[in-house]
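Work through the exercises below with the structure open. Try each task before reading its solution.

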Amino acid sequence: MGEKHKTIYDRANKVIAGGVSRNTIFRKPHPYYVYEAKGSYITDVDGTRRVDFANNMASLIHGHSHPAIVNAVIEQLHRGSAYTLGTEAEVAFAELLIGRSPGFEKIRFVNSGTEAVMTMIKASRAYTGKPKIAKAEGAYHGTYDYAEISQTANPDNWGDLDKPNSVPLVHGTPPSVMDDVIIFPYNDIERTINILDQRASEIACVLIDPVPHRVGFFSATNEFVEAVYKWTRKNNALLVFDEVITFRVNYAGAQAVYSVTPDLTSLGKIIGGGFPIGAVTGRSDIMQVLDPREKVLRHPHSGTFSANPVSTTAGRVAMEMYDEKAVADLNALTAIARNQVEESIKIADVPVSITGAGSMFRMHFKATVPTSYRDAYQTKEIKTLIDKLLDYLFFEEEIVMINTCACMFATTLTQREVDRLSEALLRGFKHIKPELEQLVLRSAD
Ligand SMILES: Cc1ncc(COP(=O)(O)O)c(C=O)c1O
């Protein structure tokens with residue numbers, strides 16, 4: 001069991017740093033390699049077939065190899081994959097996305113969520129003429145230096161909640177980057193406004209993910225978003241949303257439920273229909289900093305594969321199918337799943353709680369629902385136990401989940417897979433129950 005995987009990993013280790021190009025796929029003692037995937041099922045090179053609740057880190061809204069997407073992409077591939085000229089595919093997809101939200105006035109495509117957030121931050125600086133950004137402690141926004149700060153802040157380095165430290169992620173991050181990123185505690189209006197006030201004249205944008213996965217996967221309150229929005233109006237700054245994951249939550253994104261509209265929004269993941277993509281969208285007057293017709297180019301912007309017709313075609317087909325009804329149906333199925341998992345938690349009688357929104361949820365090894373990054377923070381011991389549960393699900397139940405103990409649903413899932421998930425989790429919770437109770441008791445001491 002696992003021999004083929006080990007053989008491939010041995011080869012990988014000789015040529016790829018650490019044997020993987022993305023740490024996400026690493027699993028001890030070695031990663032598992034896919035042969036094929038269809039709908040909500042992945043078959044590995046050993047022939048084991050697993051049900052997929054990770055969907056490539058929330059990017060496959062219609063599961064794997066959806067026939068409509070595959071056919072459209074094949075048709076496009078016969079005509080080429082990228083040119084140093086424009087394509088109608090780009091324009092058609094832009095029209096579709098712009099039509100989904102009144103806040104999306106103009107758009108630009110890039111190749112990843114990281115690039116989308118980076119371009120959004122640079123556009124904010126170019127527009128306001130200010131150097132700093134503010135972001136939430138613990139929030140993940142991809143791998144741009146500035147967006148990475150305090151992504152994994154821990155009790156030894158996070159500092160006072162009234163003024164959280166700017167904690168580097170990567171060794172060698174220049175001190176000037178830390179200096180240019182202001183960290184605030186998510187959903188904490190009073191502290192956040194105090195922190196922003198101290199650097200008001202220097203802040204270009206306040207970056208918010210409306211349901212930040214790594215912070216704890218709870219939604220920003222309307223009061224919080226409104227307070228930050230008002231602050232940005234007073235201080236010549238922008239409110240910018242990272243909706244790379246959360247766009248799926250409503251037809252017009254997670255932002256649809258707030259009383260104010262972000263100035264700019266980053267998109268990614270599902271809008272690529274399974275192919276690499278990112279996008280920045282928002283107010284026309286701000287997006288103008290990217291306009292090559294301007295006398296002074298405030299933000300010259302290009303990318304070799306940006307808006308390539310493979311990603312934009314796949315994305316258009318996927319998003320056409322992810323219409324208002326599909327969004328509502330998927331959210332409803334996920335709500336059923338969440339209820340069933342809650343029931344499993346109750347029956348297993350374990351200190352586990354759930355957060356999430358729309359078609360996504362995450363489990364916490366805590367009896368009460370966490371409401372802040374520091375509250376949701378997972379110690380090494382908790383992470384080890386989560387890995388034990390995830391390994392149990394992967395090897396014994398043939399279920400794939402995200403390594404934070406999260407599920408990201410796809411329209412190809414049905415009640416059958418939902419039942420399988422909640423039943424597997426019930427057994428999984430029982431499997432780790434003694435250790436989990438010990439851990440939670442110890443952390444309460
Ligand atoms: C909220 C958020 N922003 C940005 C990114 C970066 O996207 P990508 O991995 O496509 O660079 C991610 C990826 O997980 C994300 O979850």
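Predicted model: local features only at pLDDT ≥ 70, side-chain atom pairs only at ≥ 80, totals over all residues.

**Exercise 1. Describe how helix 4 and helix 11 pack.**

Step 1. Take the geometry. Helix 4 (residues 88-98) packs on helix 11 at an angle of about 35°. Their axes are 9 Å apart.

Step 2. Take the hand. The crossing of helix 4 with helix 11 is left-handed.

Step 3. List the contacts. Helix 4 brings A89, E90, A92, F93, L96 and L97. Helix 11 meets them with P309, T312, T313, G315, R316, M319 and E320.

Step 4. Sort the residues of this contact. They divide into 7 nonpolar, 3 polar and 3 charged.

**Exercise 2. Find the residues that touch the most other members of the largest nonpolar core.**

Step 1. The core holds 55 residues, and I271, M363, M401 and F409 touch the most other members.

Step 2. Ask which elements supply it. Those giving at least two residues each include helix 4, strand 4 (106-110), helix 12 (324-348) and helix 14 (380-396). Helix 15 gives the most, with 9 residues.

Step 3. Inspect F409. Leaving out residues up to four places away in sequence, its contacts include F53, I61, L330, L333, F361 and V418. N55, R248 and T334 are also among them.

Step 4. Look for a separate core. A second one has 28 residues, including F184, I195, F224 and V260.

**Exercise 3. Compare the salt bridges K6 to D10 and R283 to D263.**

Step 1. Read the distances. The K6 and D10 side chains meet at 3.0 Å, N to O. For R283 and D263, the closest N and O atoms are 2.7 Å apart.

Step 2. K6 and D10 both sit in helix 1 (residues 3-15), about one turn apart.

Step 3. K6 is partly exposed at 38%, and D10 is partly exposed at 33%. R283 is partly exposed at 23%. D263 is buried, because its 2% falls under the 20% cut-off.

**Exercise 4. Decide whether T304 is buried or exposed.**

Step 1. Locate T304. It is found in the loop between helix 10 (284-287) and helix 11 (309-321).

Step 2. Apply the cut-off. The relative accessible area of T304 is 72%. Exposed means over 50%, so T304 is exposed.

Methods:
Residues numbered from 1 in each chain as written. Heavy atoms only, no water. Helix = DSSP H or I, 4+ residues; strand = E, 2+ residues; numbered from the N terminus. Buried < 20%, exposed > 50% of the residue type's maximum accessible area, 1.4 Å probe, protein only. Axes fitted to C-alpha atoms, helices over the stretch in contact; angles between N-to-C directions. Left-handed = near helix turned anticlockwise from the far one by under 90°. Contact = heavy atoms within 4.5 Å. Nonpolar A, V, L, I, M, F, W, Y, C, P; charged D, E, K, R; others polar. Core = buried A, V, L, I, M, F, W, Y, C linked by side-chain atoms within 4.5 Å. Salt bridge = Lys/Arg side-chain N within 4 Å of Asp/Glu carboxyl O.
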